[in-house]
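Colleague: Please put the model up, and I will go through it with a few questions.

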Amino acid sequence: MGNRIMAVVFGLLAGWALVMAGDAIVHHQYAPPAGFDFNDKEALKAYVGTLPDKAFYILLTFWVLSVFAAALIAALIARAAKIRVALIVGIILMIGSAINVFTIPHPVWLRIITIVQYIPVAYIGGRLGMRFSHS
């Protein structure tokens with residue numbers, strides 16, 4: 001059981017790092033105004049509303065990569081229940097992403113694709129992790 005918890009934690013850390021990288025790229029390419037307060041919900045909503053579709057494509061790419069990498073890493077680390085561990089990571093990341101895309105207004109197409117992609121991509125990452133771990 002401890003190994004599976006460790007697998008989930010390390011998978012989530014990897015996934016979180018990729019999400020943060022995607023956010024950093026978007027914020028670098030489409031910088032908010034100087035002195036912008038990301039804690040100001042109204043200002044954040046207004047900023048997101050100014051972003052072009054390309055910014056959302058970048059975010060989506062990193063969100064897909066994050067769940068894939070997180071599930072793969074979790075499956076590689078787990079000694080048993082590799083798919084289950086990969087799916088747990090995918091579900092946790094999906095919940096976090098759902099909170100994000102419904103708290104901060106995102107385009108409807110991004111909300112739908114974001115939520116729908118997590119479980120299948122986590123499953124694929126978990127299957128690949130099983131294949132590489134030979135157990």
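Colleague: How many helices and strands does the protein have?
Modeller: This is a predicted model. Read along the sequence, its pattern is α-α-α-α-α. The count is therefore five helices and zero strands.

Colleague: What share of the residues is buried?
Modeller: The C-alpha atoms fill a box of roughly 50 × 25 × 20 Å along the principal axes. Buried means under 20% relative accessible area. Of the 135 residues in the protein, the buried share is 40%.

Colleague: Which helix supplies the largest share of the lining of the largest pocket?
Modeller: The largest pocket holds about 450 Å³ of space and is lined by 22 residues. At least two lining residues come from each of α1, α2 (41–50), α3 (53–77) and α4 (82–103). The largest share, seven residues, belongs to α1.

Colleague: How many charged residues are in that lining?
Modeller: Nearest the pocket centre lie Val19, Met20, Asp23, Trp63 and Asn100. By class, the lining has 16 nonpolar residues and five polar ones, and the charged count is one.

Colleague: Is Met6 buried, partly exposed or exposed?
Modeller: Met6 lies in helix α1, residues 2–29. Together with Met1, Ile5, Val9, Phe10 and Leu13, Met6 makes a nonpolar surface patch of about 610 Å². Buried is under 20% relative accessible area and exposed is over 50%. Because the relative accessibility of Met6 is 38%, Met6 counts as partly exposed.

How values were computed
Residues are numbered from 1 along each chain as its sequence is written. This is a predicted model: local features need pLDDT of at least 70, side-chain atom pairs count only at pLDDT 80 or more; totals for chains, interfaces and linings use all residues. Side-chain values use heavy atoms; hydrogens and water are left out. Patches are made of residues with over 30% relative accessible area and no salt bridge: like charges are joined within 9 Å, nonpolar side chains (Val, Leu, Ile, Met, Phe, Trp, Tyr) within 5 Å. Accessible areas come from the Shrake-Rupley method with a 1.4 Å probe; for residues, only the protein chains shown count as cover. A salt bridge is a side-chain nitrogen of Lys or Arg within 4 Å of a carboxyl oxygen of Asp or Glu. Helices (H or I, at least four residues) and strands (E, at least two) are DSSP runs, numbered from the N terminus. Buried means under 20% relative accessible area, exposed over 50%, partly exposed in between (1.4 Å probe, protein chains only). On a 1 Å grid over the protein atoms alone, a cavity is a set of points where a 1.4 Å probe fits but cannot get out, and a pocket is an open set with protein on both sides within 12 Å along at least five of seven lines; lining residues have an atom within 4 Å of a point. Grid points are joined across faces, edges and corners, and a volume is the space filled by probe spheres set on the points. Ala, Val, Leu, Ile, Met, Phe, Trp, Tyr, Cys and Pro count as nonpolar, Asp, Glu, Lys and Arg as charged, and the others, Gly among them, as polar.
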